[in-house]
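This report describes a predicted model. Its sections cover a helix pair, a sheet and the surroundings of a ligand.

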Amino acid sequence: MATPQHRLQHRLQERIEARIRENLLGLVDSKQWNIYRGQFVNAVQESAGKLLGVPCLTTNAGSSAIELALRAHGIGPGDDVVLPSSTFVATAQAVLLTGARPVLCDVDDTTFNPEPEHVRAALTPATRAVLFVHSFGNPSGAGRVAAFCAEQGLLLLEDAAQALGGRLGGRPVGSLGDGAAFSFNTSKPISCGDGGMFAAADPQVYETAKAIRHAGLREVPDGRFLAHEIGGKLLLTEFQAAVLEPQFTAFEELAQVRTDTALRLRERLPWSRRTPGCSTSTTTRSAPGSGSRSPWTAPPAPSRPWPNTPGWSASTQRRWSTSP
Ligand SMILES: Cc1ncc(COP(=O)(O)O)c(C=O)c1O
């Protein structure tokens with residue numbers, strides 16, 4: 001049965017899809033679909049910049065955005081990059097593509113994110129950066145790792161592929177370190193099939209990333225574009241941006257739908273409350289640089305994993321309560 005929540009979500013989805021249709025048809029008619037930085041790419045970068053408070057560059061994938069974050073900081077052969085052992089394989093592959101060495105660290109077993117002690121255990125004399133993954137969109141631990149990186153003189157790069165719209169200590173995910181990567185692939189908070197985005201506050205890093213994103217080209221004073229470094233073709237097209245644009249415009253509403261759904265799931269699945277940072281109320285507790293553990297404490301674990309969950313049938317209860 002459709003709940004008021006479902007109906008709201010459906011109406012929002014329909015409104016977004018109508019805008020996507022309008023954007024795509026308008027784009028074809030305008031004959032502007034084959035330019036590199038057209039109105040939709042610009043609109044997406046602008047909306048994303050406002051959301052994060054950091055300048056953004058769209059890319060063709062989240063994986064390319066991670067590689068861009070590393071290469072824009074000059075990470076390459078001879079460097080080690082610490083990243084969590086629990087992530088999508090693209091995180092480690094982006095490091096390998098730069099010629100640097102990925103060094104895996106352990107993660108906290110409730111958040112799946114690393115804590116400073118895990119990063120410390122993975123450090124080598126060649127460590128230059130930590131690539132923090134906000135697992136399942138949860139930034140828990142990022143503030144403590146940011147403080148640790150600052151203390152150790154290491155770069156902190158965020159793999160925020162799954163975390164657009166997340167906040168920690170009131171600060172948007174993607175603005176917590178020296179650079180961040182987001183994904184717009186099919187399983188992410190907003191999507192255009194495939195796509196990504198790089199964010200960095202430092203203007204030099206931003207300009208380097210912009211050049212690497214497009215064949216290493218930089219504009220020189222006489223208006224020509226010259227290739228000063230080796231780059232790739234990592235651009236998002238106008239078609240993809242035309243699909244993303246309405247989702248950015250409606251981002252607050254989309255995020256609210258997700259938050260409401262998460263809160264309803266948390267009510268009905270008591271065991272989910274064991275994960276620190278798993279809701280909007282807990283993610284705001286550990287501010288970047290606070291250096292100390294979040295005051296959040298887990299409630300005692302149930303004796304059986306999912307006992308008597310309201311609304312579940314007896315057979316569902318049995319199936320889940322006996323699974324490993
Ligand atoms: C944690 C993480 N890192 C990197 C990526 C790679 O992003 P993309 O698939 O857009 O290249 C993903 C997405 O699948 C991811 O979940």
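## Helix pair H1 and H9

Helix H1 (residues 4-30) and helix H9 (residues 251-268) have axes that come within 11 Å and cross at roughly 155 degrees. Because angles over 145 degrees count as roughly antiparallel, H1 is roughly antiparallel to H9. The crossing in which H1 passes H9 is left-handed.

On the H1 side, the contact is made by Gln 5, Leu 8, Gln 9 and Leu 12. H9 contributes Glu 253, Leu 254, Val 257 and Asp 260. By residue class, this contact of H1 with H9 comprises 4 nonpolar, 2 polar and 2 charged residues.

## The sheet

The model contains an open sheet of 7 strands with mixed pairing, in the order E1-E9-E8-E5-E4-E2-E3. Strand E1 (56-59) and strand E3 (101-105) are the edge strands, each pairing on one side only. From one strand to the next, the twist averages 20 degrees.

Strand E5 (residues 155-159) pairs with strand E8 (residues 179-183) in the parallel sense, over 3 bridges. Leu 157 has Gly 179 in E8 as its bridge partner.

## Surroundings of the ligand

The ligand is surrounded by 14 residues, and the closest are Ala 61, Gly 62, Ser 63, Ala 161 and Ser 183. Helix H3 (62-72) and helix H4 (89-98) are the elements that give two or more residues to this shell.

In terms of residue class, the shell around the ligand divides into 8 polar, 5 nonpolar and 1 charged.

Key. Residues are numbered from 1 along each chain as its sequence is written. This is a predicted model: local features need pLDDT of at least 70, side-chain atom pairs count only at pLDDT 80 or more; totals for chains, interfaces and linings use all residues. Axes are lines fitted to C-alpha atoms, for helices over the stretch in contact, and angles run from 0 to 180 degrees between N-to-C directions. Helices (H or I, at least four residues) and strands (E, at least two) are DSSP runs, numbered from the N terminus. Angles under 35 degrees count as roughly parallel, over 145 as roughly antiparallel, 65 to 115 as roughly perpendicular and the rest as oblique. A crossing is left-handed if the near helix is turned anticlockwise from the far one by less than a right angle, and right-handed if clockwise. Two residues are in contact if their C-beta atoms, placed from the backbone, lie within 7 Å. Ala, Val, Leu, Ile, Met, Phe, Trp, Tyr, Cys and Pro count as nonpolar, Asp, Glu, Lys and Arg as charged, and the others, Gly among them, as polar. A residue is near a molecule or strand if its C-beta atom, placed from the backbone, lies within 6 Å of it. Two strands pair if DSSP finds at least two bridges between them.
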